[in-house]
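Thanks for coming. I will go through some salt bridges and a few helix positions, and then stop.

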Amino acid sequence: MDLERYAWFKKYLHSEEGFGIDREVPGCILACPAGCDVQGYIKLIEEGRYEEAYLLIREKVPFPASIGRICHHPCEDICKRGFFDDPIAIAALKRFVGDCGKEKDREQREALKKREAKAKKVAVIGAGPAGLTAAYRLASRGYAVRVFDKLPVEGGMLFVGIPSYRLPKEVLKREIDAIKGIGIEIETGVEIDKEKFGQIRSEYDAIFIAVGAHESRKLGVEGEDLDGVMHGVDFLRDFNLSQERAVKIGKKVAVVGGGNVAIDVARCAIRLGSDVTVIYRRSREEMPAREDEIKEAEEEGVKFMFLANPTRVLGASRVEKIELIKMKLGAPDESGRRRPVPIKGSEFLIDVDTVIPAVGQASDLGFLEGSGVETIKGRVIKADEFCITTEDGIFAGGDCVRSAAFAVDAIADGNEAAESIDRYLRGADLREGRFSLKIPVVSPEGAEYIKEELEEEEARGLISKSRRMELARIGVEARLKSFEEINIGFSATAAIEEAKRCLKCRSCLLTLPAMTVSAETEEEIDAGDFIDRLTYVTGVNKCAECGMCTASCPVTAINPGFSPRRLSGRALMEDAEKLVLSEEIWMCTTCGICNAICPYGVDFLRFIQGVRSLALTKHLVPHFFEAGLLATEEVCDARDNNRLRWLDGEEELKVADKGEVYYFSGCLSYLDRVYSERENLRLLEIARSAVKILNSVGIVPAVSKEEKCCGHDLLWAGEEKKFKALMHANIEAIRESGAKTVVFTCAECLRTFDIDYRRFLGGLGLGFEVMHISEFLILKDKKLKFCDGKEQIITYHDPCRLRHLGLYEEPREVLKSIPGVNIKEMAHNKDRAPCCGVSALLTCGAVAREMQIERLIEAKQTGASRLIVACPKCWIHLDCAKEKGMERVDDFEIEDLTMTVASRLD
């Protein structure tokens with residue numbers, strides 16, 4: 001046995017430490033409170049498909065142009081590119097899309113107007129971002145929605161709390177008109193008191209409260225009632241409602257506070273010609289306001305006084321001075337910032353004629369008295385993450401629940417509230433199947449890992465540094481003379497260039513976001529006992545440390561720190577808890593070379609899966625999983641209820657509900673939807689080709705709409721309980737068909753049935769045969785009739801899942817039976833063929849991509865015009881690598897074996 005040829009990629013793959021497995025939802029998507037598909041719309045921008053990007057954003061954020069201007073963009077804080085050079089300008093790209101994607105939206109509004117109306121009525125109290133989002137979602141589902149707001153305008157804090165230089169009123173009005181355009185009724189100037197609330201409650205089937213936080217908190221100091229003291233929220237509201245310059249303030253203005261409201265107030269005041277000083281009780285480092293807003297305020301002439309706090313406002317009839325006391329920073333408080341402590345005897349005065357406190361906000365909730373809706377100290381409504389209050393049929397979200405927060409958080413609540421209200425009105429469970437996402441936090445260790453990974457990709461020539469496109473700004477002098485918008489949006493050229501910078505993190509994701517990781521049992525599992533039993537069940541105790549597995553392991557070739565042999569030794573000799581905690585158990589790609597060559601019969605794959613299942617029960621998962629999310633494939637019907645979508649419009653294909661032969665298509669319909677933008681992938685054609693082949697030999701295969709995916713990825717993650725449930729559902733669906741033989745086109749599905757299903761069933765057996773379609777044709781002696789075709793040289797990639805089954809010759813025999821087809825073997829084939837570089841991993845890292853490109857180069861060196869694969873995942877990942885390594889492997893095609901055969905049938 002030539003062990004060096006097994007580890008053929010040693011010559012160029014090397015890693016000093018760390019082999020990360022990125023299986024989670026991209027950070028930018030997880031970080032967005034509204035769950036916006038950032039990666040999706042950036043890709044559409046790159047392709048110039050702006051209207052489609054606009055509609056994609058509006059699936060989560062109905063105000064793309066507005067939010068693109070004001071969002072605090074936590075997505076950019078976690079953008080992987082930021083660990084390399086500069087994060088993608090995600091908010092600016094959202095703004096660009098919002099400013100140009102209007103035509104398709106008009107078509108969508110017209111379609112929504114024609115939807116089937118429901119009899120139920122919903123009242124929304126508050127026309128801010130939360131209320132309008134919920135109203136839009138509910139109206140889109142056919143409910144009759146009426147929105148009430150006490151302000152004379154629509155938009156809530158988006159209108160009265162944000163100055164025009166940040167968010168022009170015409171932009172906001174346009175987006176609100178688009179929301180209203182689907183049939184939502186909005187009443188402004190409606191004061192909601194206890195009587196009015198009772199009336200609404202009696203007339204509507206459900207209520208969503210989103211009244212915002214429009215009440216300013218007071219300083220609580222002497223002289224706060226003097227003329228010349230106006231609170232920040234009140235000032236901004238008057239300022240925005242009175243056409244800006246109509247507001248009268250003095251020449252020397254003190255703004256008290258360090259948040260975004262304080263900065264907005266200060267920048268408005270300086271545009272009105274005042275000398276403005278912002279007074280903040282902590283240091284600049286602790287200011288909660290956005291750094292870019294602070295810098296722009298400084299550019300415009302706003303002064304800052306740190307470590308000072310008001311003690312009195314002085315004046316005869318109106319403000320003349322403010323007394324401040326110096327502060328020092330003590331120990332951190334509950335917010336994590338250092339607590340400001342007054343310095344005794346350090347009081348001093350400054351001359352001012354206007355004081356504008358901006359130290360917090362509260363909600364006016366008097367109308368809820370006696371309603372049964374619980375509040376917390378009368379300041380905020382008590383509601384859970386799904387906006388469910390303590391009173392049946394009443395929901396709440398936005399600032400009146402969170403206290404003053406960001407607009408995108410309010411939008412997130414609007415989305416959640418709409419889902420809760422829809423479930424409530426349908427009589428469905430309000431919480432079943434839902435989970436609350438938390439914005440992920442990258443640890444220092446995680447950040448270092450990301451940097452190293454990106455540096456490795458750069459060294460391999462897979463990525464390179466590029467400059468972030470920044471929004472241009474009008475000059476400072478022009479800013480101070482008007483309330484014209486400061487930032488100038490991207491041109492189409494700039495937007496496309498910025499979109500191209502996206503690293504498409506985890507773009508091979510085979511899932512929708514995402515399932516919560518939960519322990520399979522309430523009972524605490526003893527790691528030592530579990531690992532002891534597992535070592536005997538899997539034969540790890542038989543390991544003689546001969547080293548054959550380690551010498552052949554592709555992961556070891558990449559990272560010498562990983563070794564199947566060493567892991568086996570750790571299981572026997574070391575602390576089991578340490579093994580469960582280790583990252584090594586997640587490095588294995590489960591390609592199966594170790595199992596195939598072990599002379600002692602050790603089932604290392606099962607051992608790895610067992611340890612992972614234990615880690616899962618303890619919520620121990622690899623890099624960047626603080627949110628507790630694994631991108632294992634979602635298998636419930638709610639996510640994909642049509643696994644036979646490949647049959648749509650294919651009347652010439654003959655299938656049946658029952659029959660002796662069953663065709664298992666698995667996840668082809670699902671994967672086709674996930675990779676719909678990949679033009680080279682024709683995944684549905686695999687299933688269609690399989691039925692065409694079976695029809696050609698006189699077989700009408702049974703298929704079932706009850707079929708699920710095989711469940712391999714659940715097993716990879718250690719979700720054995722869910723895997724078993726899915727396994728039994730598939731077996732039941734097949735048995736219902738009366739099938740004696742099940743035919744597969746996916747190597748992954750076949751291997752899962754033939755090995756994992758049998759293992760979990762014990763001695764019960766499947767009750768039917770399982771075969772790859774090539775194996776079925778050869779062993780059942782099914783003669784195919786081919787038409788004459790041109791001479792063609794092809795090469796064939798052995799998927800690791802067929803290697804697990806020793807299935808090498810049957811696919812080749814079928815290909816050789818096609819007239820004119822000549823197979824040229826790659827240097828590494830059959831039992832020596834490396835996997836596609838991903839195997840159990842659902843996403844590609846730098847090393848995996850380079851492995852794939854090298855595999856494609858080896859295919860190209862055969863002189864073949866086409867690479868044939870027998871596994872959809874191999875096709876997906878090799879196609880991705882072909883696109884990335886285009887200049888090296890651009891002159892041959894990749895195609896599934898089944899499609900090659902079907903295309904030549906007579």
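Lys 500 is partly exposed, at a relative accessible area of 46%; buried here means under 20% relative accessible area, exposed over 50%, and partly exposed in between, with a 1.4 Å probe and protein chains only. This is a predicted model, where local features need pLDDT of at least 70 and side-chain atom pairs count only at pLDDT 80 or more, while totals for chains, interfaces and linings use all residues. Residues are numbered from 1 along each chain as its sequence is written, and side-chain values use heavy atoms, with hydrogens and water left out.

Which residue does Lys 500 meet in a salt bridge? The partner is Glu 497, at 3.6 Å from N to O; the criterion is a side-chain nitrogen of Lys or Arg within 4 Å of a carboxyl oxygen of Asp or Glu. Glu 497 is also partly exposed, at 40% relative accessibility. Because Lys 500 and Glu 497 sit 3 residues apart in helix H20 (residues 492-500), about one helical turn separates them. Helices are DSSP runs of H or I with at least four residues, strands are E runs of at least two, and both are numbered from the N terminus.

By this rule the count of salt bridges is 64. Another one joins Glu 458 to Lys 465, with the closest N and O atoms 3.5 Å apart. Both ends are partly exposed: Glu 458 at 31% relative accessibility, Lys 465 at 48%. Asp 781 and Lys 783 pair at 3.0 Å, N to O, and both of these residues are exposed.

Next, a network. Salt bridges link Arg 166, Asp 264, Arg 267, Arg 271, Glu 293, Glu 296, Glu 299, Glu 300, Arg 473 and Arg 479. Glu 293 and Glu 296 are buried in helix H15 (residues 291-299), as are Ile 294 and Ala 297. These four cover an arc of only 165° around the axis, so they lie on the same side of H15; the arc is taken from the directions from the helix axis to the C-beta atoms. The buried residues of H15 pack against helix H14 (260-271), helix H19 (476-481) and strands E8 (303-306), E18 (472-473) and E19 (487-488), contact meaning heavy atoms within 4.5 Å. Just after H15, Gly 301 has a positive phi of about 105°.

Last, Asn 415, in helix H17 (residues 407-426). Is Asn 415 buried or exposed? Asn 415 is buried, with 16% relative accessible area. Leaving out residues up to four places away in sequence, Asn 415 touches Ala 34, Lys 60, Thr 133 and Arg 137.
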